[in-house]
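Welcome! Here is a short tour for anyone meeting this structure for the first time.

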Amino acid sequence: MKRLLLIPVVLISMAAHALPNGWVVTVFNQAYVDLISPTVAPLMPGWDDPDVTIPLGFTHTFDGKSTNTLYIDGSNFSSGMDITTSLTGNVNVFSVGFLDVMDRATYATNPPSTISYLIDGSGSNKIAKIQWKDFGFYGENATDGTLNDSANIQMWFYQTDNAVEYRFGTSYLDDFERNVESTRLPLGIITNLDPAGFTLDKFFYLSSLSPAVLDSFTIANPPTVDFGIPTFPTNGTVIRFGPAAAVGVNNAVKLNDELTFYPSLVTSYANLDFTNVVKGDAMIRVLDMNGRAVMQQKVKSQKNQLDMSRLATSNYILQVQYQGQSVFYQFTKN
C-alpha cells in the first residue's frame, strides 16, 4: 500500500545542486552482479510493505547519524524501499524514490521476489550489500491486477568512508508513471528526518541522470510539481553519495579513484588532476548555489589549473563530466 503522506516531503526553498561541504556525488556505470549466497529475509509469500532488520556488522555514520543496524521500514515510512538508520528519533533515510514494491509471486504464475543482504569484506573494510531481486510494483497491481513488470536494485553501505551507493540491475517497466505512481522518481537521501514531527533538514535528490543534475529541498511548502528523475535508471547505473577523502598534500581532496582537487579552500587558483590520461574532452563547470554555471572549460590534460580569481567569496559546486561519469563536489572560494 502506498504511504506517501507518511513522509510529507514538505520541502521547497530549493537550493539547486546544493551539497554539504565535503560531500561528493558520482554517477557512473558498472556491471550489476547478483549477490552470491546472501541471507534472504524470511518474508511471507505475497509480501507487501516489508519490514526487515539488517545487522551491519560495523558502525556506519552518515551526516552525523551513526548506526550498526539498518531497517527496511515498509510499515512506518512511504514504501518498502526505504532504508532508515533508526526506528525512533531523528534519522537519515536512504530511499530509492517512493517505490511501493511487492512480491511478484502474489500471483502464482510469477517467480518470487526476494530481499536479501550480505556483509562483504573483513576487518575495517566491510560493505553491507542489500538486494531487492525481481520485485514488482504496487501501482501495476492496483491498476491492472497484474505483476508482470520487475526491477532489481542493490544498496551498498561502506565501512571505510561511510559512502552509500544505489546500484541498478535489469528492469522492465511497461508503464513508468503507473509503476512509480508519479511522473518522476525521487532518488536520494533525506537527512535528519523526525518521523514523529515530520520535519527534516534536507532532501538531496537527482533530477536528471543524463546529464546528471543534483538538486535539494529544505522544509517550507509542499512541492507543486513532481520531482526526481523522469525515467527508471538503466542496467549498470551506480549513484554514489560519500565524502571526499583528504590526501594530505597541498590541502587536496580525492573525489574518487580518478580525480583529485586542491586546494579544498580556494583563493585564486584550483587544480584538478586526473589519475589517468583523459580520453577525449572532459567538461569542468563551476556552479553557484542557485545552479547557475559561472565558469566552464573543456580539458584534455591530466593536470589542470582553474583560474577562479574572478569568483566572489562564496560556496560553489564543482561539476566534472568525463567518460560517461558525472561528479559533484562543493568547495569554498575565499
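At 38% relative accessibility, Asp 281 counts as partly exposed, because that value falls between the 20% limit for buried and the 50% limit for exposed. Please keep in mind that this is a predicted model.

**Salt bridges**
- Asp 281 pairs with Lys 300 in a salt bridge, with 3.8 Å between the closest N and O atoms.
- Asp 281 sits in the loop between S20 and S21, and Lys 300 in the loop between strand S22 (293-299) and S23, so the pair ties together parts 19 residues apart in sequence.
- Lys 300 is exposed, with a relative accessible area of 60%.
- A search of the whole structure finds 10 salt bridges.
- One of them joins Lys 303 and Asp 273, whose closest N and O atoms are 3.4 Å apart.
- Lys 303 is exposed at 63% relative accessibility, whereas Asp 273 is buried at 11%.
- Asp 288 and Arg 292 also meet through their side chains in a salt bridge (3.1 Å, N to O).

**A hairpin**
- Strands S3 (residues 51-62) and S4 (residues 65-73) run antiparallel and are joined by 8 bridges.
- Phe 62 stands opposite Lys 65 in S4.
- With 2 residues between the strands, this hairpin has Asp 63 at a positive phi near 50°.

**Two buried residues**
- Pro 186, in the loop between helix H2 (176-180) and strand S12 (187-193), is buried at 8% relative accessibility.
- The C-alpha atoms of Pro 186 and Gly 97 are separated by 4.2 Å, though the residues are 89 apart along the chain.
- Leu 287 belongs to strand S21 (residues 282-287) and is buried at 3% relative accessibility.

Note on methods:
Residues numbered from 1 in each chain as written. Predicted model: local features only at pLDDT ≥ 70, side-chain atom pairs only at ≥ 80, totals over all residues. Heavy atoms only, no water. Helix = DSSP H or I, 4+ residues; strand = E, 2+ residues; numbered from the N terminus. Buried < 20%, exposed > 50% of the residue type's maximum accessible area, 1.4 Å probe, protein only. Pairing = 2+ DSSP bridges. Salt bridge = Lys/Arg side-chain N within 4 Å of Asp/Glu carboxyl O.
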